[in-house]
Amino acid sequence: MKVSMKVNGAERSGDVEPRVLLVDFLRSNLRQTGTHIGCDTSGCGACTVLLDGEPVKSCTMLAVQVQGRSITTVEGLAQGANLSPIQAGFHEEHGLQCGFCTPGMMLVGTALLERNPHPSEDEIRWAISGNICRCTGYMNIVKAIQHAAVAAGGK
Amino acid sequence: MATATHMHGRIGESIKRKEDARFLRGKGNYLDDFVLPDMLEMAILRSPHAHARIKSIDTTAAAAMPGVIAVVTGELMAQHKLAWMPTLSGDTQAVLATDKVRFQGQEVAAVIAETRYQAEDARDAILVDYEILPAVTSPEGAKAAGAPVIRDDKEGQKDNHIYHWEAGNQDTTQAAFASAHKVVRLTSFYPRCHPAPLETCGCIADVNGATGKATIYMTSQAPHAIRTVFALVTGLPEQQIRIISPDIGGGFGNKVPVYPGYVVATAASLLIGRPVKWVEDRTENLISTGFARDFHMTGDLAVDKNGKMLALRVHLDSDNGAFFSDAQPTKFKAGLFHIVTGSYDIPTAHVTADGYYTNKAPGGVAFRCSFRVTEASYLIERLVTNAAIELGIDQAEFRMRNFIKPEQFPYTSATGWVYDSGDYPKAMDVALQKLGYDELRKDVEARRKKGEVTGIGIASFTEVVGAGHGADFDILGLRMFDSAELRVHPTGKALLRMGVKSQGQGHETTFAQIVTEELGIPAADIAVEEGDTDTAPYGLGTYASRSTPVAGAATAMVARKLRDKARKIASHLLEADEEDLEWRVSKFQVKGSPDRSKTIQEIAFAAYTNLPEGMEAGLEGVHYYDPPNMTYPFGTYAVVVDIDKGTGQVKVRRMVAVDDCGVRINPMIVEGQIHGGLTEGFGIAFMELITFDSEGNCIGSNFTDYLLPTAWETPRFELGETVTPSPHHPLGAKGVGESATVGSPAAYVNAVIDALSPYGITNIDMPVGPDKVWAALRSKGVTE
Amino acid sequence: MFPAAFDYRSPASLDEALGLLSEQGDAAKVMAGGQSLIPLLKLRFAQPAMVVDIGRLSGMSGVSRNNGSLRIGALARHVDIERNKELGGAWAIFPETAHWIADPLVRNQGTIGGSICHADPSGDWGSVMLALSADLVARSSKGERVIHAADFFKGPFETALRPDEILTEVRVASGSKSAGGAYNKLERKVGDFATVAVAVQVELEGGKVSKAGIGLTAVGPMNIKAVAAEKALVGREPTDAVVAEAARLAAEAAEPKSDVRGSAEFKKDIVRVFVQRGLKTAIARAKGVSA
């Protein structure tokens, strides 16, 4: 069936079986491979995208569920050559190692700062508690989001 | 008077990572991101039973389903002599089952179709008729009289025993025990856990019928070794095999072995003539790929009346699963477990190890273990804390009393290891100071008087990494040297290629910094490539914390080779004798005449445009480094826990980690590695477990059951450092990637045991979940 | 890890949705946020012929209070309940429970109605419904009926809803007395299902308990209402001894299974501990909101 949605500000559409997961629609149909698949029981958050600005698991949504709505993926964070404050924060604070969880983490961080420009460390850790990282131990991910908060004028 | 120019990216600088750009933009090139023209997708059918005879497989319905190109079974693979393959431990492993299935999750058949959805739909339509057999689910069960022989495919295999291995000296150890003042025993099970990198394993096999070239994209930490193994197994000529390891989303040892999926995909591509992609899902990853640990250990520590250690005796039974496929140097059946005397000056030790087949996934050496050093370190550090408690000596004091002293290095251990350098008392002092140990001990006593359950745990680990010297260390005969090839272009930029393969460790930055240090080319001007076997020099890959010790050394050596040639070119350009030149960060300068100098960039240009007569053009070289010894990073970790008496929940209040890995090339990257390892150690200590019921059903084959810590549970770490360089490494550096997973589980568990010791509890096996703590407290009448 | 094929409809109105269900009966599965259904579809534990997506229906996600009684639309997301400032005081159990559900990502998409209808014995909202003696409003094309929470949960993943019904609203009546509640959950990590969880809601009048509700999560074939424990509180002053007795009775009402999370004995004791803690918190909160 036909499905259309906004992805990173652009109208995108496709023809998919209803059972096609949103993450597969993004990766295969739209060739946006920045959103990753890390598990099969909705337990890792590697597939996180923003749905109308709020983080959700794209592996636990059908593409057709998102009809007419708006998705932001990691590919939509930078403004051309300019990295977003979150992306800059992750770079400055060594918030990534293998990079596989990073798109999801950055999107959650972006959404958090939208809602709460001065989050405490506890609030940051709680916000990313649906996203698993195996490499960093979360310490520098927290610092990266704090860095972005300061850079965006918070604190 | 010359001043050193500031050169961006020298050793010791925490420069930001050069590789970040693509990952930040979601442009990483992970295996599943690649799409080849005409590519097919493969799904593997796996056994639901732990042990069963295959009576028949019916693929007719599956083969007729939409989009299906082929259905492959063991029978088809057998026709091409590919139903079995050699393992990295000298055993054989089934690629697709033929006679029996030997663990739940074992590969039975594969569907190749146009899309992954179609492949999975068809997979469901394959009919397999099994005759269920009793399952063996532990070494105890493997040894039991009447136990089924799992490997009845192996000629001469009459039982489930795989190997017996020993280290140390039985006689001197026995004598020491006979005369001991006290013997402390600990029986400890280090349970099966799993590296579970966030990206699962996979490959794209593209065997080109026209050219005969097999290009295999593969999530591999060791692409060259895999290429050679593939050549030997498939018969494809090695120069026609190209393994490309792209960006890897975490390895931790999970991506070292050759998995059946790789072989089936390659065979399928060869037979069909189109590229075949196989990406496993998480359940497949947890249920079938290289797990970690599963060691049943008993340790005895003999001490004299002054609390001095006299001897150590350890026996272990290893649960290796259905095939002996440990990825470890061939001479060591139980890896480097015999480092088990750890940081202590123990005059004599004896280690015995027996490996067993069970109806579980094969493996054991993985998950940042440094080849079983995690198991050894856990045992000795738990045993030492238990001994301290039993002897009534403070945990830290008991360790201090028995540490190998700084003046004893290089130190030869009772099991034959030659420790290169160490200063254990210093690391301990820094850790205790950072913790405020004395005050904390008083605070613990005060809280206990109020009825709180709280404790402090310490672990002072020494581990051994950097495999290794070729005469002792080989993988399937391939000696464990490693390599670096460096080429400087006319415009002074450089390309460094190595035989190792990063899975997130920051090689594109760290190894560039070595070149910056040795050759003065800014790190930003150095491209670092790994993972393509057509272009990278031969190496044994990245695991067991070996990249810095071996490939890092190779990088330093090749850069020095180039500097030697650069001196000759500089001498020619400056018309001065070589002995009159001195190297200043990034240029050669005539001694006493600072205005007469040539930068490395000018020299590089000259290497192509203005050479001394008779000199070969170019500025490049390659070095294969055979390390003279292993390196021995160490540290002291200290953990404070508070336990909820009502629920048994353990909260880590503080976690101090002091590491010594010699010279740190990029401190920021080193700290990141430690944070990650401390978190994996936390997961292992408190929640990660793969277990089996009596029928061999695997519990822990998805993230609902196999629990990974989130940012919420994970403690906040306080790091410290000491620096004791390695005397034999060209840069004084040691490996560090695995130190934290090696050292931290015992620190966490020791804290829990210390907290429960006032109630007389001496051991809880990992994972230390609330139910176990609750049961221990209740058994002593402690309740809310 | 992909669902088997199914037919999909996204009705524009509740009536259209109900019409589909009357036609399809058992063959259709209703999906709200999909956070319980989609994982089952992916594992192929559920293979419905049709999925009816009600996630975008409007008018079913509001939270309102009138005359002290509370109405929550079935499509209210967990995160909406977690953030809702109206749900403090006597209704603090709502944001407190929402906070414990799954993880932040699931809470942004999953709904209270979806969770209740899924009826996982480890589901959190079911125990809260039992503790609050909530009324669950079901609509079909034939009309509306109200099902008491105590009659709603029939077994593991089984409710009193008929195949042609959709849950539209949760209603909780409150006394105008001092009321307070608490939700305690033991989970091994964020995102884990409960090992044990307990919902407690009490009302106080003249220093005595006038109403008590206790719901137990993950310790039986479905969420359990600890009736004997509730009865032991009503009409009594909530002293330590009375609370301890109620906790003991609640533990007796639990029927947990031993598994990797712990023994049945362990889980029963956690029920006891959590009922004790929950009652102490609920009572303190009830006293805090009294006029």
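I take a salt bridge to be a side-chain nitrogen of Lys or Arg within 4 Å of a carboxyl oxygen of Asp or Glu. I apply this rule to a predicted model.

**Entry 1: chains B and C**

Across the interface of chain B and chain C, the rule finds 5 salt bridges. I also noted 12 residue pairs in polar contact between these two chains, both residues being at pLDDT 80 or more. Of the elements, α4(B) gives the most, with 5 residues. By class, I recorded 8 nonpolar, 7 polar and 11 charged residues on that side of chain B.

For the extent of this interface, I found 26 residues of chain B in contact with 22 residues of chain C. The buried area is about 2,100 Å², and carbon and sulfur atoms give 58% of it.

**Entry 2: chains A and B**

I then turned to chain A and chain B, where 50 residues of chain A are in contact with 52 residues of chain B. The area buried between them is about 4,400 Å², with 56% from carbon and sulfur atoms. In chain A, the residues that lose the most area to chain B are A:His94, A:Gln97 and A:Arg134, together 18% of what that side buries.

A:Arg134 also forms a salt bridge with B:Glu688, with the closest N and O atoms 2.9 Å apart. The count of salt bridges between chain A and chain B is 6. I listed 28 residue pairs in polar contact here, both at pLDDT 80 or more. In chain A, α1 (22-29), α2 (85-92), α4 (121-127) and α5 (139-151) each supply at least two residues of the side that touches chain B. That side has 22 nonpolar, 17 polar and 11 charged residues.

**Entry 3: B:Arg17**

Is B:Arg17 buried or exposed? I looked up its relative accessible area, which is 3%, and B:Arg17 is therefore buried, the cut-off being under 20%. B:Arg17 is found in the segment before α1 (20-24) of chain B.

I next asked what the side chain of B:Arg17 reaches in chain A. The side chain reaches the backbone oxygen of A:Gln97 at 2.8 Å. Within chain B, the side chain of B:Arg17 makes a polar contact with that of B:Asp20 at 2.9 Å. Leaving aside neighbours within four places in sequence, I found B:Arg17 in contact with residues of chain A including A:His91, A:His94 and A:Leu96, and with residues of chain B including B:Phe23, B:Gln505 and B:Met668.

Technical notes:
Residues are numbered from 1 along each chain as its sequence is written. Chains are lettered from A and ligands numbered from 1 in the order in which they are written. This is a predicted model: local features need pLDDT of at least 70, side-chain atom pairs count only at pLDDT 80 or more; totals for chains, interfaces and linings use all residues. Side-chain values use heavy atoms; hydrogens and water are left out. Contact means heavy atoms within 4.5 Å. Buried area is the accessible area (1.4 Å probe) that two parts lose on being put together, summed over both. A polar contact is a pair of N or O atoms within 3.5 Å; within protein, one must be able to donate a hydrogen and the other to accept it, and residues adjacent in sequence count only if both atoms are side-chain atoms. Helices (H or I, at least four residues) and strands (E, at least two) are DSSP runs, numbered from the N terminus. Ala, Val, Leu, Ile, Met, Phe, Trp, Tyr, Cys and Pro count as nonpolar, Asp, Glu, Lys and Arg as charged, and the others, Gly among them, as polar. Buried means under 20% relative accessible area, exposed over 50%, partly exposed in between (1.4 Å probe, protein chains only).
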